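My notes follow in the order I ended up needing them.

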Amino acid sequence: MYFKKFYGLITTIAIAICLISQSNISVANASEQGTSITNNSQSPQHTLIAQASTGEFTLPPLPYSYDALDEYIDTETMTLHHDKHHAAYVKNLNKAIALYPDLQGQSVEDLLLNLDTLPEDIMTTVQNNGGGHANHTMFWSIMTPDSNGKPTGEIAAAIDSAFGDFATFQTEFNDAGKKRFGSGWAWLVMNDQKELEVTSTANQDSPLMENQYPIMGNDVWEHAYYLKYRNKREDYLNSWWNVVNWDEVNNRFKAANSFFE
Ligand code: MN3
């Protein structure tokens with residue numbers, strides 16, 4: 001009996017230590033991953049996507065479990081999408097960067113903003129895989145199982161002001177995703193006039209390539225939805241609003257404003 005209690009206590013302590021050290025690890029990774037776009041150390045989520053000290057980009061862990069969004073995005077899709085597709089973009093980006101030590105230390109955002117200055121033999125690889133890394137890092141962060149379903153805070157007012165109301169914005173955003181032929185993304189971006197726009201890009205092209213800041217984007221590659229929604233991209237686009245993390249979209253809206261200051 002005594003030993004059972006003792007053993008139980010030791011297990012509890014061990015689990016607690018594990019949890020504490022895990023949270024330390026994620027904080028360490030977050031700060032290692034980059035410097036803040038806004039220079040606001042209290043907002044670690046709007047960081048640039050930086051290389052680790054080893055000169056490599058790393059696959060960020062999902063900020064929730066693989067099955068957290070299951071009602072709208074199934075567990076198998078989330079697992080393959082993160083662990084295989086996103087991981088491949090990171091791996092291929094690293095392979096390209098490894099050829100040019102001068103590029104070590106640059107963030108993904110910097111690489112994408114200055115694509116045309118890169119060595120020609122890696123330009124397309126960085127466009128596709130740097131874009132893939134930036135787009136997916138954004139994508140995981142702007143989803144949550146605890147979505148409140150509609151915009152809050154400053155982005156709510158900015159959407160109303162730019163598009164009339166949330167429903168009109170949703171329709172425009174969904175249309176951008178629906179009409180994207182083949183693979184790509186639907187976006188809400190801020191342009192360099194600090195105006196909000198709905199756009200769409202092909203493949204893994206980032207809005208940063210057009211000097212637009214990606215505030216939120218939905219992945220309309222078939223790999224993002226086909227297992228659950230099959231060919232019905234429109235159903236996926238409509239469902240996706242149930243998992244949007246408006247707190248993080250607000251963080252990105254602030255980062256967008258700082259980006260063009
Ligand atoms: Mn994808």
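This is a predicted model: local features need pLDDT of at least 70, side-chain atom pairs count only at pLDDT 80 or more; totals for chains, interfaces and linings use all residues.

Entry 1: I then placed N211 in the loop between β2 (196–202) and β3 (213–219).

I looked up R230 next. R230 is not a glycine either, and its phi is positive, near 50°. R230 sits in the loop between α7 (226–229) and α8 (233–240). I found 11 C-beta neighbours inside 10 Å, so R230 counts as exposed.

**Entry 2: strand β1.** How many residues of β1 are buried? I got 7 of 7 for this strand, residues 184–190. Then I checked its partners. β1 and β2 run antiparallel and are joined by 7 bridges. In that pairing W187 stands opposite T199 of β2. The β1 and β2 hairpin has 5 residues between the strands, and K194 takes a positive phi near 65° there. β1 also pairs with β3, again in the antiparallel sense, over 6 bridges. I noted M190, whose bridge partner in β3 is Y213.

**Entry 3: the core.** I turned to the largest nonpolar core, which has 47 residues. Which members touch the most others? They are L93, I215 and V249. Leaving out residues up to four places away in sequence, I215 touches L188, V189, M190, V249, R252, F253 and A256. As background, nonpolar side chains tend to be buried together in soluble globular proteins.

**Entry 4: two helices.** I looked at how α5 (residues 153–163) packs on α9 (residues 246–259). The angle is about 75° and the axes are 7 Å apart. Angles of 65 to 115 degrees count as roughly perpendicular, and α5 and α9 are therefore roughly perpendicular to each other. Which residues make the contact? From α5 they are G153, E154, I155 and A158. From α9 they are W246, V249, N250 and F253. By class I have 5 nonpolar, 2 polar and 1 charged residues in this contact. V249 and F253 were already in my notes as residues that I215 touches.

Notes. Residues are numbered from 1 along each chain as its sequence is written. A nonpolar core is a set of buried Ala, Val, Leu, Ile, Met, Phe, Trp, Tyr and Cys residues joined through C-beta atoms within 7 Å. A residue is buried if 20 or more other C-beta atoms lie within 10 Å of its own, exposed if 12 or fewer, and partly exposed in between; C-beta atoms are placed from the backbone. Two residues are in contact if their C-beta atoms, placed from the backbone, lie within 7 Å. Axes are lines fitted to C-alpha atoms, for helices over the stretch in contact, and angles run from 0 to 180 degrees between N-to-C directions. Helices (H or I, at least four residues) and strands (E, at least two) are DSSP runs, numbered from the N terminus. Angles under 35 degrees count as roughly parallel, over 145 as roughly antiparallel, 65 to 115 as roughly perpendicular and the rest as oblique. Ala, Val, Leu, Ile, Met, Phe, Trp, Tyr, Cys and Pro count as nonpolar, Asp, Glu, Lys and Arg as charged, and the others, Gly among them, as polar. Two strands pair if DSSP finds at least two bridges between them.
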